Amino acid sequence: MVNSTSPLSLHADRLFPADAKVRDIARALYNEIKDLPIISPHGHTDPRWFAYDESFGNATELLIRPDHYVFRMLYSQGISLESLGIPRWDGGEVEKDPRKIWNLFAKNYYLFRGTPSRMWLDTVFHDVFGLRVQLNEQTADQYYDSITEQLATDAFRPRALMDRFNIELIATTEGALDPLPHHQAIQGTPWQKRVITSFRPDDVVDASRDDFATNVAKLGEMTGEDTQSWSGYLDAIRKRREWFRQMGATATDHGHPTALTADLNTSACEALFARCLKGEASEQEQEIFRGQMLTELAGMSIEDGMVMQIHPGAFRNHNPELFTKFGRDKGADIPSQTEYVQALKPLLDKYGNNPKLNIILFTLDETVYARELAPLAGHYPSLKLGPAWWFHDSPEGMLRFRHQVTETAGFYNTVGFNDDTRAFLSIPARHDVARRIDCRFLAELITQHRINEQEGFELAHDLTYNLAKKAYKLG
Amino acid sequence: MVNSTSPLSLHADRLFPADAKVRDIARALYNEIKDLPIISPHGHTDPRWFAYDESFGNATELLIRPDHYVFRMLYSQGISLESLGIPRWDGGEVEKDPRKIWNLFAKNYYLFRGTPSRMWLDTVFHDVFGLRVQLNEQTADQYYDSITEQLATDAFRPRALMDRFNIELIATTEGALDPLPHHQAIQGTPWQKRVITSFRPDDVVDASRDDFATNVAKLGEMTGEDTQSWSGYLDAIRKRREWFRQMGATATDHGHPTALTADLNTSACEALFARCLKGEASEQEQEIFRGQMLTELAGMSIEDGMVMQIHPGAFRNHNPELFTKFGRDKGADIPSQTEYVQALKPLLDKYGNNPKLNIILFTLDETVYARELAPLAGHYPSLKLGPAWWFHDSPEGMLRFRHQVTETAGFYNTVGFNDDTRAFLSIPARHDVARRIDCRFLAELITQHRINEQEGFELAHDLTYNLAKKAYKLG
Amino acid sequence: MVNSTSPLSLHADRLFPADAKVRDIARALYNEIKDLPIISPHGHTDPRWFAYDESFGNATELLIRPDHYVFRMLYSQGISLESLGIPRWDGGEVEKDPRKIWNLFAKNYYLFRGTPSRMWLDTVFHDVFGLRVQLNEQTADQYYDSITEQLATDAFRPRALMDRFNIELIATTEGALDPLPHHQAIQGTPWQKRVITSFRPDDVVDASRDDFATNVAKLGEMTGEDTQSWSGYLDAIRKRREWFRQMGATATDHGHPTALTADLNTSACEALFARCLKGEASEQEQEIFRGQMLTELAGMSIEDGMVMQIHPGAFRNHNPELFTKFGRDKGADIPSQTEYVQALKPLLDKYGNNPKLNIILFTLDETVYARELAPLAGHYPSLKLGPAWWFHDSPEGMLRFRHQVTETAGFYNTVGFNDDTRAFLSIPARHDVARRIDCRFLAELITQHRINEQEGFELAHDLTYNLAKKAYKLG
């Protein structure tokens, strides 16, 4: 059994394949790019951290409570969210003692064997906090104390960690109605270049939300546009995009249930928008409205140059009981089959050949990598492929992405890595996994004489750094 | 060409990868667990064998006639089922000479190259019957004689083989109306603990069957309940479950075409049940009825603690001409695409968070491993994942399962191996393949420093033995 | 950076895995079969080449303009088809200078890193043209001159290349209305045996085409049958099949959007055919008509012995703007999800057990390999599986095919390799990739002791040569 003296170490060759020849090449590639700055063009960290640079709290608050990867696994094994201290919307009692919660987590840490969470967490423990014994029931207190103490020091404040992590740029994600106070607060400071926002208008585009009409009304107030009219609504969105661009945004983000797009004529759009506003739209009409808006937003991207990220395919809040008690983002989002070839056609028919349009496609449905996404991105100049996402942001998931996408789309229709995380401390660990896996994939191609070594080194740089900067226009 | 002197050998390192480092670790893990007792919690062996311990017949009768893996391949290459002695329902002539059939099989044994059947059969030939030349046209008679002679000896009777195979426990599968005479026969003997039944109520739940109304009437007779009423029907099923539990059952099994579940109110259930009984239900209504029954059966599982196995996705009897001539289970079942995220929602909405519910999900559609099943099992406390099943119970199939499931669901939301077979002699071979592949997968994780060696050894034990006992409540 | 002196070499062990043991076995297998003659039973080369043996043109005309793999990738990165000299239907201006086009291609050749096009092209450059520096901007002129000069020599005329490439037989593909003049031209010469046609009746079967009624009328003129009647139409197709068989055809080919089949009664067929001819059929009716015709054509295959190839699943001409400007086959075909289990049932119910029927199934949807195609081919005597196709005709694509298909369908329900290409010069390269990947797969099975070495050698011969000759009746 693992005990209090089992050492925690990170092997220098972790994630590389066993074969000595491939491993040597993978290591050589990795050594060339491992210290390149981190570009994090899509994620969900809190801009407040970087604006005010306040200390993080205790180990539990930082590493467990916000991490739905962690508590979804614990919950799946019968550990209640209450016992993990996840706050209840209905005010129900939950565990308050962070140390007790940490101990519960530590005791069940073995459940994460073989998962990326385990690898990210161990890397954080080892590299960020300097811990050298494995986390388990016996070492739980030692962990809790050490982490919490370190978090109180200046070296662990957000900006110091940004430097230590060598993060050149990080993009947060905010809703269309967000006044972006924290991004405003850093305007005029050197951090303005390093912490930027992204425009995620789901709140004013998704008519299935209870607050849709209210949000559209607020959008009108914020912009001075008549958002009760279709054209005023579109203009209001244009104004918000402009404001986001002033706060550094180079990209928009769209988290729709499907990849459906639509291209209705103006009068049909007006009628549909009116029905949505009045709450009279059917589910199918709401879906068409979201699809129409993707096409409208693509048109705006052509106007203003913002890069468009489409993140479809999550069945959000699949567990209604849990949702009622605890709300969103509690590990109950489940991927669904997602179709792209028919779904994107209306948008592509209208704008797909326009060289000014830059769409980055993501998926939670790996069956489309080789069948739909690689052929689409390997043809349309407006399409590129985002990296392996969410449930697939893992060693095996990334390998499947490269193996299934590269032969048809090549490397240059991909855009480098996204960490897509709110777990700030894990960002270096996540990028490190991606860098190791990319180097492993390249090393396999080199060993099989499918690319040569020189190409491997160039590609390693491109996949780690250049492609992200170019695709997100961060140049 | 293979001839009568080509040796048959089983390499000690079979199924392990070529790399010496990985192979060494795989072998070390395997050596630790290869002799653990076999737990066979789901399968289709004949309880009569264990109750009366009579000798098996000849080689053909034991190894060819019941094995649809074998004759589906032969049939696909133009060999008629008649020539293989498969009995015809319409009384049509079929080959009667078992030796002639064996020779036909032997001559075409090369067709199985690269299939799991080949590996299972060679293991049976080598380990169970001590054969040391390869099976082919020239050695066919030698095989037939040797196997048939050995089968006549006491050492090859079912109970002796149970001991020799180190099978600690085997579960058979019986329909709801089965009086379980053979399980009764072993009650009070030491075999009662080793041979248990499982409750498979498809015969009284699937209203698309011609015999559905008859079966429901019989169910009433057997239980003394009024099965013409919805509540009486449910109570009758409860009583049968109780009877099965007395015969050792800890689990139920449900072989539906899809994973659809439903949650209708009582009056809708009553009306639907009545239409089904009268034969007035449409195909869609029969499907909803099966779905409603999965939810009802989940409720009963919470009451009585039985573990619920869901085996959806087979298009049974795809070949009507063959079905008319030869009946069920003749290799003409074809997997279909199977959706889980929407399909299971009604059941999960009702019971998914109940810690007393234990559902083991299987699939014939590998596209759902990473997309649907791992995320579902990695969230809901009531869900675990059954092993790679049927067409995927093979080295590559098992590897795909582990590679696609582990990162999101971990190891502890899986339940060990099922052989799911009626081919009794192949049970050790099948478990051996699973053990080798699991050790291979773990060895790869260790070599890539994704788990450590100590964890690998613990996991090897868990995957081989502990998880099955726990998941099926066989403690 | 790659420069004018970077050597171009093809490693003898390319595509083999790194592990020395596996590589040694793969090499040994490959050395046994690498010089076997090429059988090319399905492709799209121009029969005119072989009939008149005229020289090919310049490098651009031969290697870029006809290769939609090449310009789809360039187009996806913002390079216009006009600048690549692709002729416009509307007479719009396009680049005329082949050398300038070649230079543009050379400059962007790095985009193909990791793709099969890169491997095929490098093999053509190295093996066919004897080039020994890498293609890039600096070497572009040298390449253009060398290739264009060589093409003008007798050694580079089609028949000389047929001999040099060791192509024993090549099948072209022609529409039902093609008078096959070039195949006629070689009748009575020794080339008659080496260059044969295949019958692709999509033009007279697909009622969604604008020219359907015209084509059916032409079909009547060519055959003297009354193609306005259902029975006359079928007889006319029979006559065309006979004519194609005289020109060497042993196979038919069907490129439908889906795998749907139908089995209507005669009066329903008559009515549907009449609606199709009048242009009154809905999209769904046109789909059913295509499905009915697959069943009719299967019946004809039983009559006349032609092998039936079904190539479903491409969404053709997905990009309407590009289609309007440039026409078909410009890289805008995108695969779609394709269902087989339900779709093929009407045909299989009618003819699936008939040993005279030989259907070779292809797919662009890899999710059906293990789930649908292998189980279908591993049961029905009329079904075999075509090799990894089009987007999947690549090292990874072929490996996925073998890994996912073999355990259920075995090797003997597959049919060897198809190059399916119009890029004549790449044929040896494409077959070489397939041979290497098959040997690699077999070497892995041998190293894992899943087949023995002797079986590996037999299988290597079968997969390379014997299976194609047998499946396509080329014996």
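How many salt bridges are counted between chain C and chain B? The count is 5 salt bridges, a salt bridge being a side-chain nitrogen of Lys or Arg within 4 Å of a carboxyl oxygen of Asp or Glu. The legends below take up this contact together with others.

This is a predicted model, in which local features need pLDDT of at least 70 and side-chain atom pairs count only at pLDDT 80 or more, while totals for chains, interfaces and linings use all residues. Residues are numbered from 1 along each chain as its sequence is written, chains are lettered from A and ligands numbered from 1 in the order in which they are written, and side-chain values use heavy atoms, with hydrogens and water left out.

View 1. The copies use different surfaces here, with 7% of the contact residues of chain C recurring in chain B. Only 7% of the interface residues of chain B are also interface residues in chain A, so these copies too meet through different surfaces.

**View 2. The contact of chain B with chain A.** Chain B brings 43 residues to this contact and chain A brings 52 residues, contact meaning heavy atoms within 4.5 Å. Between them the two chains bury about 4,000 Å², of which 49% lies on carbon and sulfur atoms; buried area is the accessible area (1.4 Å probe) that two parts lose on being put together, summed over both. B:Arg371, B:His379 and B:Glu407 supply 18% of the area that chain B buries against chain A, more than any other three residues.

**View 3. Polar and charged pairs between chain B and chain A.** The rule finds 5 salt bridges across this interface, and a salt bridge joins the side chains of A:Arg113 and B:Glu455 (3.5 Å, N to O). There are 31 residue pairs in polar contact, both residues at pLDDT 80 or more; a polar contact is a pair of N or O atoms within 3.5 Å, where within protein one must be able to donate a hydrogen and the other to accept it, and residues adjacent in sequence count only if both atoms are side-chain atoms. On the side of chain B that touches chain A, the elements of chain B that each supply at least two residues include helix 17 (368–377), helix 18 (395–409) and helix 20 (453–471), helices being DSSP runs (H or I, at least four residues) numbered from the N terminus.

**View 4. The contact of chain C with chain B.** This contact takes 43 residues from chain C and 52 residues from chain B, and the two chains bury about 4,000 Å² between them, 49% of it on carbon and sulfur atoms. C:Arg371, C:His379 and C:Glu407 supply 18% of the area that chain C buries against chain B, more than any other three residues. The side chain of C:Arg371 also meets that of B:Asp365 in a salt bridge (3.0 Å, N to O). By class, the side of chain C that touches chain B has 15 nonpolar, 17 polar and 11 charged residues, where Ala, Val, Leu, Ile, Met, Phe, Trp, Tyr, Cys and Pro count as nonpolar, Asp, Glu, Lys and Arg as charged, and the others, Gly among them, as polar.

**View 5. The two domains of chain A.** Chain A is divided into domain 1 (20–54 + 171–471) and domain 2 (55–156), with bounds that come from an automatic or database domain assignment. The centres of the two domains, taken over C-alpha atoms, are separated by 28 Å. Here 28 residues of domain 1 are in contact with 23 residues of domain 2, and the domains bury about 2,300 Å² between them, 70% of it on carbon and sulfur atoms. A:Lys325, A:Phe326 and A:Leu425 supply 28% of the area that domain 1 buries against domain 2, more than any other three residues.

**View 6. The domain 1 side of the domain contact in chain A.** Across this interface the rule finds 0 salt bridges, and the count of residue pairs in polar contact is 3 (both at pLDDT 80 or more). Helix 15 (320–326) and helix 19 (427–447) of chain A each supply at least two residues of the side of domain 1 that touches domain 2, and helix 15 gives the most, with 5 residues.
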